[in-house]
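I will look up one thing at a time and write down what I find.

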Amino acid sequence: MPKITIALSKGRLLDETLPLLARAGIVPLEDPAASRKLIVATRDPHVSLVILRATDVPTYVQYGAADMGVVGKDVLLEHGTGNLYQPLDLGIGRCRLVVAARRGEDWTRIVQRGARIAVATKYVRTAREHFAAKGMHVDLIKLYGSMELAPLAGLADAIVDLVSTGHTLQANGLFAVEEIMPISARLIVNPASLKLKRDVTKPLLDAIADAVGVAA
């Protein structure tokens with residue numbers, strides 16, 4: 001029987017993914033967050049886990065280095081989803097992708113004025129599509145961390161970033177002026193693996209769907 005590799009995103013999403021996989025019968029033999037192993041075996045001899053940076057998960061699945069993966073919709077939108085099958089919204093890792101600006105800014109006036117504004121984000125592709133659909137002229141500045149600092153330091157007029165509770169925005173004098181979309185984690189599958197390893201992938205898909213409470 002062929003073996004299946006599932007690529008998982010590091011960080012907070014991993015903490016939410018492992019209990020879901022356990023309900024589907026996929027339990028690692030050691031703690032993936034603590035292990036130095038790059039590939040972690042599970043109680044199912046046909047399934048192993050690889051723990052990656054979230055941005056690498058779609059690439060591993062797209063090229064067949066992993067058969068399945070769990071990753072946020074935000075990462076998928078930036079990567080592009082043309083070569084990936086997305087059978088399940090897992091309902092974990094929930095947050096919102098928003099546009100945020102300094103408190104006190106009249107965002108409606110800024111939009112109506114049609115001025116060219118600077119927006120800092122790591123979600124360049126998604127932000128470009130969002131502002132283009134609104135007919136807004138923006139200069140996108142790609143950053144990877146401390147997005148909230150950009151408006152405070154005068155680098156940008158606004159940011160596009162993920163928000164969960166909104167506490168970090170509030171603590172830095174920012175507020176969400178637009179919600180671009182809700183975000184949650186998706187199960188992604190390599191189409192070739194789905195065909196060539198169907199005897200393993202289909203039962204696993206069904207088990208994960210049962211764990212989520214939806215039909216695969």
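**Entry 1: strand 1**

I note at the outset that this is a predicted model. I began with the side chains of strand 1. Ile4, Ile6 and Leu8 point one way from the strand. Thr5, Ala7 and Ser9 point the other way. Residues on both sides are buried. I then checked the count: 6 of the 6 residues in strand 1 are buried, so I call the strand mostly covered, given that buried means under 20% relative accessible area.

**Entry 2: partners of strand 1**

I looked up which strands pair with strand 1. Strand 3 is joined to strand 1 by 6 bridges, and the two run parallel. Within this pairing, isoleucine 4 stands opposite valine 47 of strand 3. Strand 4 also runs parallel to strand 1, with 3 bridges between them. There, alanine 7 has glycine 69 in strand 4 as its bridge partner.

**Entry 3: the nonpolar cores**

Next I went to the largest nonpolar core, which has 29 residues. Which of them touch the most other members? I found Ile6, Leu8, Leu49, Leu90, Leu187, Leu204 and Ile208. Several elements each supply at least two residues of this core: strand 1 (4-9), helix 1 (12-23), strand 3 (47-52), strand 4 (68-72), strand 11 (185-189) and helix 9 (198-212). Helix 9 gives the largest share, 6 residues. I also found a second, separate core of 18 residues. Its members include Ala127, Val138, Ile180 and Ile183.

I returned to isoleucine 6 for its contacts. Setting aside residues up to four places away in sequence, isoleucine 6 touches Val47, Ser48, Leu49, Val50, Met68, Gly69 and Leu204.

**Entry 4: the largest pocket**

I turned to open space. The largest pocket has a volume of about 730 Å³. It is lined by 28 residues. Closest to its centre are Ala54, Asp74, Val75, Lys122 and Tyr123. Helix 1, strand 4, helix 3 (73-79) and strand 9 (158-163) each give two or more residues to the lining. Helix 3 has the largest share, with 4 residues. I sorted the lining by class and got 12 nonpolar, 8 polar and 8 charged residues.

Is serine 193 buried or exposed? Its relative accessible area is 6%, so serine 193 is buried. I placed serine 193 in helix 8 (residues 191-196). Leaving out neighbours within four places in sequence, serine 193 is in contact with Asp67, Arg198 and Thr201.

Serine 146 came next. I found serine 146 in the loop between strand 8 (138-142) and helix 6 (149-152). At 55% relative accessible area, serine 146 is exposed, because the cut-off for exposed is over 50%. I also looked up its backbone: phi of serine 146 is near 50°, a positive value in a residue other than glycine. Most residues other than glycine have a negative phi.

**Entry 5: glutamine 86**

My last stop was glutamine 86, in strand 5 (residues 85-89). Its relative accessibility is 34%, so glutamine 86 counts as partly exposed. Which residues does glutamine 86 contact, leaving aside its neighbours within four places in sequence? I listed Leu76, Thr81, Arg186, Leu187 and Ile188. I also checked the spacing to valine 189. Glutamine 86 and valine 189 are 103 residues apart in sequence. In space they are 6.4 Å apart, C-alpha to C-alpha.

Key. Residues are numbered from 1 along each chain as its sequence is written. This is a predicted model: local features need pLDDT of at least 70, side-chain atom pairs count only at pLDDT 80 or more; totals for chains, interfaces and linings use all residues. Side-chain values use heavy atoms; hydrogens and water are left out. A nonpolar core is a set of buried Ala, Val, Leu, Ile, Met, Phe, Trp, Tyr and Cys residues joined through side-chain atoms within 4.5 Å. Buried means under 20% relative accessible area, exposed over 50%, partly exposed in between (1.4 Å probe, protein chains only). Contact means heavy atoms within 4.5 Å. On a 1 Å grid over the protein atoms alone, a cavity is a set of points where a 1.4 Å probe fits but cannot get out, and a pocket is an open set with protein on both sides within 12 Å along at least five of seven lines; lining residues have an atom within 4 Å of a point. Grid points are joined across faces, edges and corners, and a volume is the space filled by probe spheres set on the points. Ala, Val, Leu, Ile, Met, Phe, Trp, Tyr, Cys and Pro count as nonpolar, Asp, Glu, Lys and Arg as charged, and the others, Gly among them, as polar. Two strands pair if DSSP finds at least two bridges between them.
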